[in-house]
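Hello,

Here is the structure to be handed over to you. Please look through it first; the findings are set out below it.

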Amino acid sequence: MSEILIRNARTVLTMDDAETKLADVDILLRDGVIAEIGPRLETVGEVVDARHCVVTPGLVNTHHHLYQGLTKAVPGGQDALLFGWLQTLYPIWERFGPEEFYVSAQVGLAELALSGCTLSSDHLYLYPNGARLDDSIAAAEDLGVRFHATRGSMSIGVSKGGLPPDSLVEQESAILEDCIRVIDAFHDPSEGAMVRVGVAPCSPFSVSRELMRDSAILARDKGVMMHTHLAENDEDVAYSLEKFGCRPGQYAEDLGWTGPDVWHAHCVKLDGKEIDLFAATRTGVAHCPCSNCRLGSGIAPVRAMLDAGVNVGLGVDGSASNDMANLIGEARQAMLLQRVQNGADAMSARAALRVATRGGAEVLGRHDCGQVVIGMRADLALWDVSGLGSAGSWDPAALLLAGPQQVRHLFVEGRQVVRDGRIATIDIEAALRRHREMARTLAGFG
Ligand SMILES: [Zn+2]
């Protein structure tokens, strides 16, 4: 039996159905689960002082491309729209191999953990030079965060009217075969799973209709979730109208890409009819506000989605288009953008934090995560509100207004991944050194 007692939490935002907020309570974590919540609990295990901390469920990242952490702020891609930005970066990503994918995942997930993330998905859709999904799964396991890897793919290269270079696309039969391999090797459907696998063709402009359809059939046969990019910007919608003769929502519906086992990244350009379709089919959305700002894609209609009953989570998106992967910062950005679009009462700090925690867990089908409630998995973020940023705040629990932007402690499945603001599970300095060397080599300085 393993236990940790979080002693005397100043405030706990439970994110339960009643939006309960607790003050001055202890939380006992036992064998990966939240075992007890109440005053003056006893433990045989370690005690963590939370006197100055606001406790929230761990944040959930529903969209990322971890490998892109090696190509942050690349000149030529800094100020481009989506398609031009991709065309700048494809030739660089082409040079990656297994170690690049492992180390970038390690560093990217550590960056996320410091910003409160306990569960991240990742969308890996290119596999040059012998790289495999296995590389990023190994990195997540070593760090100790919960991980939903998705086996992405691209099959339509430039010569067939797609966007990526031919050298980065794969044969569709090989893609489907490898999807089966990684699902069989890594997917854990059980409660408390640390690793799950999904199927994730990159986007309608880089795979065929047939691969979209076959991927959905395969995912449902295997009982795993499905993920892709959808309706990201005007160019994306124009491509859909021109090539497929319909809007992205219709395209998704026609090919089996709606339902509670599907979540789409971005959805900036969904119209009212598409929002209703997503609500009716319980299709999830990964909202990536910083990436949408960075690429000038627009403001996703998140207020309208939530009002219609769409499941919405947050995503930092790849670090080449964000370029920071700070998930609590992403939640603040989501709150601010809805206010820009719809007024100051469009999204409260608490509502945005709910999207970042429980909302994301629901999008990823994790009903065992996302709440500080007895019986839920012990995934918790502890935010020290005694520091500079929060000084003077009359409502420190409104974390998104006054910070902090990094956790003091982070627990995943009851295990401490961040301790006193530092990664506790791996040698992060060594990983960073290797990461720096790789980035310099890719940039031509190595
Ligand atoms: Zn993306």
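**What was found**

The protein chain carries 40 positive and 58 negative side chains, and 3 Å separates the centres of the two sets. Lys and Arg count as positive, Asp and Glu as negative, with His and the chain ends not counted; each charge is placed at NZ of Lys, CZ of Arg, CG of Asp or CD of Glu.

This is a predicted model, in which local features need pLDDT of at least 70 and side-chain atom pairs count only at pLDDT 80 or more, while totals for chains, interfaces and linings use all residues. Residues are numbered from 1 along each chain as its sequence is written, and side-chain values use heavy atoms, leaving out hydrogens and water.

The protein chain contains 14 helices and 17 strands (DSSP runs: H or I of at least four residues for helices, E of at least two for strands). Its radius of gyration is 21 Å, close to the 22 Å from the globule rule for 446 residues, so the chain is as compact as a globular protein of that length. That radius is taken over C-alpha atoms, and the rule is 2.2 Å times the number of residues to the power 0.38.

Of the 446 residues, 61% count as buried (under 20% relative accessible area, 1.4 Å probe, protein chains only).

The domain assignment, which is automatic or from a database, gives domain 1 (3–58 + 368–423) and domain 2 (59–363). Their C-alpha centres lie 28 Å apart. Between them, 37 residues of domain 1 are in contact with 31 residues of domain 2 (heavy atoms within 4.5 Å).

Regards

Key:
Buried < 20%, exposed > 50% of the residue type's maximum accessible area, 1.4 Å probe, protein only.
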